[in-house]
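Keep the 3D view open as you read.

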Amino acid sequence: MQIGVIVNPIAGMGGTVGLKGTDGPDAVAEALRRGAEAQSGPRARRALAILAKRCPRARLRVAAGSLGQCWASDLGLDLDVVSAGPPTGTARDTREAIAVLGAVDMVVFAGGDGTARDVAGALSSGAGMLGIPCGVKMHSGVFAVSPESAGHILADLVEGNGRAGWTDEAEVMDIDEVALRAGRLAPRLYGLARVPVVANRMQAAKGGPRRDSAAALAAAAHECARACEPGALYIVGPGSSAGAFARALGHEPTLLGVDVFRDGECLVQDATAPRIESFLDDRPVRIVLGVTGQQGFLLGRGNQQISADVIRRAGREGLRVLATEDKLSTLSAAALFVDTGDPDLDQELAGFIRVQTDRGRFMMMRVVAS
Amino acid sequence: MKLPNYHAPRWDEPVVMELGRPGARGQLFPAPEQEIEVAEIPAAMQRKDRPELPEITEFEAQRHYLHLSQMTLGMMGISLFGTCTMKYNSKTAEAATLRPELAEVHPYQHPDTLQGVLEIIHDFDGILQNLSGMDQFVFQAGGGADAAYTMAALARAYWADRGELGQRTEMVTSIQAHPCNPATAAAAGFTVINLPLEENGYPSIEALKAAIGPKTALLMINNPDDMGIYNPEIKEWVRLAKEAGALCFYDHANFNGVMSKLSARELGFDACMFMLHKTFGAPKGGGGPAVGAFGCSDELAPYLPAPVVVKQGDTYRLDNDRPKSLGKIREFWGNVPQVVKAYAWARAMGAEGIAMASDISVVANNYMDKKLGEIAGIEISNPHIRKRRMEMTRWSLGPLAQETGIGTADFANRMADYGIDPWWMSHEPWIVAEPFTPEAGELWSKQDIDQWIGVVARIVQEARETPELVKSAPHNQAIAQVDGSVFEDPKAWAMTWRAWQRKRAGDAKARSGSA
């Protein structure tokens with residue numbers, strides 16, 4: 001397996017000096033001015049040290065200098081160094097490094113959500129990625145829990161011991177840093193990535209096999225789609241969970257946008273707010289939604305196309321929320337948040353809602369006005 | 001503390017089919033003498049070939065199987081396997097079940113010849129009635145999940161009998177209830193509504209109120225659950241659920257910490273279940289044999305699985321004439337030897353002994369919680385809740401995993417190297433990161449618990465200093481890590497020797513074909 005390594009040497013610098021991230025050269029300059037120290041290089045080295053210990057002479061393709069080589073050398077790893085142009089301290093470095101790494105099976109990167117977005121955007125299709133967590137923002141599902149864990153996953157892959165498998169469904173998320181500095185959390189889905197997952201085959205003695213999350217989501221979406229009311233307008237929000245509903249109807253979802261259906265027919269893809277509102281008549285409105293990972297946003301983040309008027313027509317009873325138990329269990333608070341732009345509507349939505357987690361299986365979740 | 005310097009026996013012998021040599025035999029029997037008439041096997045039934053059996057002496061076979069048993073059954077260590085309430089069952093109780101009055105009877109015998117067995121079942125029913133306030137117990141279910149299924153099937157029969165099954169389609173439970181509750185309710189056709197844990201460590205009344213209504217068929221709940229936090233609002237829960245018309249079932253999987261302290265019926269429940277192979281000391285192993293004792297109120301008793309053991313005058317009989325019965329959950333009357341062992345345990349303990357065992361299990365767990373809390377890198381579940389846990393609680397290896405990359409599965413593997421049973425991690429879904437769930441119970445001595453904690457502390461240290469040693473464990477066991485991925489490749493395994501030969505031959509053929 002051909003593994004490429006990229007370090008974003010400026011990732012995570014904002015955190016220690018009270019910035020919310022280092023997207024863009026201005027933020028980097030500000031972080032340096034405030035005395036920030038780079039975190040990602042040393043953290044990448046911690047991960048690679050674990051790999052070197054378990055798999056001496058493992059072969060890696062690394063970008064030259066501070067983008068990789070500096071942190072990987074003298075560990076006993078077999079490095080194939082490729083050089084890109086001089087670093088500019090911007091997202092361009094990551095994209096160019098990916099380009100010079102050439103055909104690799106996966107890229108290990110040290111960075112945060114911004115780097116994840118850049119890697120996912122530049123990676124050739126079919127290639128996997130794995131994040132060594134270094135950023136201030138890490139909402140994407142592509143990170144190991146620690147540099148050491150990343151090292152162990154890499155070693156499992158190199159050893160080919162069967163412990164690590166793959167999923168194509170990891171969400172690449174990022175948060176608008178300008179909004180975040182202004183105190184508003186606005187996570188957005190940028191796409192799906194292929195990431196290694198460590199299968200836990202240890203519990204068979206008593207627990208039986210674990211329910212596969214992807215199968216649970218598909219089953220939930222199918223049941224939800226089968227229960228479609230004739231004539232009702234179905235507005236399907238962004239993300240792979242809501243997208244599973246569109247798939248169950250036989251349509252490929254826009255994934256990053258909002259699609260609209262009636263009686264199994266797709267009326268419009270990637271719709272704008274006025275376009276969605278143009279379909280309103282006296283028939284019922286249902287809104288199919290996923291939940292943003294970690295933050296647990298239901299409405300008002302990444303799906304603002306669904307306007308307050310439309311949400312009011314649906315009401316809390318008209319929301320169809322899909323999320324697996326695995327996803328709900330990773331939320332930082334056991335609640336879902338709404339921020340529709342209309343405080344009265346937010347209050348109306350507050351209370352408990354049923355989230356469908358599998359076929360015939362729901363979880364009551366508290367909805368809170370954010 | 002001195003930790004065990006343990007090493008399992010390891011024999012790298014081939015399988016028995018590959019042992020021995022042509023002509024080797026277990027015993028050599030003389031040819032039949034002339035005067036003995038030998039029955040002729042009809043030609044059509046005679047084998048054309050010799051059976052492919054291993055040719056091996058009796059001594060070699062004995063030696064081989066002893067080695068296998070040393071490798072598979074050779075470890076008897078300390079097992080604080082949480083949610084399983086590990087107990088020791090005395091040899092006296094074991095001996096009772098070996099007596100011919102039990103070992104040699106059959107359920108098809110006439111009940112007049114089974115009076116002793118039926119009396120024990122009847123009397124043990126009485127003991128469980130005293131512990132729960134229920135009116136009738138049955139022992140058909142082959143385990144806790146089967147008893148939960150009994151409840152789901154009973155609810156189905158109950159609502160069908162009232163003509164409301166079409167309307168009462170939902171079962172409400174907690175995300176931390178034992179997963180057999182949602183699973184069995186789903187198997188019986190109910191939609192599952194889970195309630196999340198909120199800030200007190202159990203679901204809120206508000207969530208319950210939002211979940212129940214005219215569609216609710218039943219509520220299935222543990223209290224405490226594996227987190228060990230008792231829900232003090234449980235009476236209100238039952239009141240609300242019954243107000244909505246639902247049946248209420250108390251899953252007593254976590255009975256050890258509350259046994260003799262509360263009564264399911266007094267809390268308002270309609271039914272409950274006990275696990276005789278856990279709380280009541282009957283031994284278990286390899287997934288069985290087990291018994292889920294299911295008890296309910298007089299109102300629900302007509303729907304119980306048949307037969308029910310009843311006493312008429314001085315005679316015990318099997319009541320099969322129960323027209324509203326849900327039918328069978330399992331054949332006959334259940335694993336009767338386990339019922340006898342549980343009966344022996346309960347009689348030996350007495351009411352006071354059971355109360356004391358419950359106290360000891362809670363004290364032992366709190367001692368363990370305190371000691372575990374002193375180890376940096378592991379963290380109790382719901383750390384913000386200062387309330388003491390009951391007979392067990394879930395812990396997290398999350399901080400250590402973040403620091404070292406050693407997860408709970410790696411850790412469990414390494415425990416076996418010290419002759420300690422790997423810990424139980426958690427039921428699904430895993431709502432605590434890198435979970436583990438120890439349970440001290442009343443069996444294990446303070447020395448045992450200290451030694452178990454000593455092993456945990458040592459492995460935490462190893463995770464920091466020599467993580468690869470932990471990651472590649474076990475090292476002192478009969479076999480090392482099992483590569484789970486081979487199960488996905490049918491070529492790599494077979495269920496019989498013949499199938500294995502066939503797969504291997506197919507492989508060789510494919511190889512020669514491609515060459």
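## Two cis prolines in chain B

B:Pro429 sits in the loop between helix 11 and strand 12 (435-436) of chain B; helices (H or I, at least four residues) and strands (E, at least two) are DSSP runs, numbered from the N terminus. The peptide bond that runs from B:Glu428 to B:Pro429 is cis, and its omega is near -10 degrees. B:Pro224 belongs to the loop between strand 4 (216-222) and helix 8 (234-243) of chain B. Here the bond from B:Asn223 to B:Pro224 is cis, with omega near -5 degrees.

This is a predicted model, in which local features need pLDDT of at least 70 and side-chain atom pairs count only at pLDDT 80 or more, while totals for chains, interfaces and linings use all residues. Residues are numbered from 1 along each chain as its sequence is written, chains are lettered from A and ligands numbered from 1 in the order in which they are written, and side-chain values use heavy atoms, leaving out hydrogens and water.

## A positive phi in chain A

Most residues other than glycine have a negative phi, and most peptide bonds are trans. A:Leu255 is not a glycine, yet has a positive phi of about 75 degrees. Look for A:Leu255 in the loop between helix 11 (240-248) and strand 9 (259-262) of chain A.

## Helix packing in chain B

Helix 11 (residues 408-415) and helix 12 (residues 446-465) of chain B pack at about 120 degrees, their axes 10 Å apart. Axes are lines fitted to C-alpha atoms, for helices over the stretch in contact, and angles run from 0 to 180 degrees between N-to-C directions. Helix 11 and helix 12 of chain B are therefore oblique to each other (under 35 degrees counts as roughly parallel, over 145 as roughly antiparallel, 65 to 115 as roughly perpendicular and the rest as oblique).

Helix 5 (residues 144-161) and helix 6 (residues 180-187) of chain B pack at an angle of about 40 degrees, with axes 8 Å apart. Helix 5 and helix 6 of chain B are therefore oblique as well.

## Domains of chain B

Chain B has domain 1 (13-31 + 56-72), domain 2 (91-348) and domain 3 (484-514), with bounds from an automatic or database domain assignment. Taken over C-alpha atoms, the centres of domain 2 and domain 3 of chain B are 45 Å apart.
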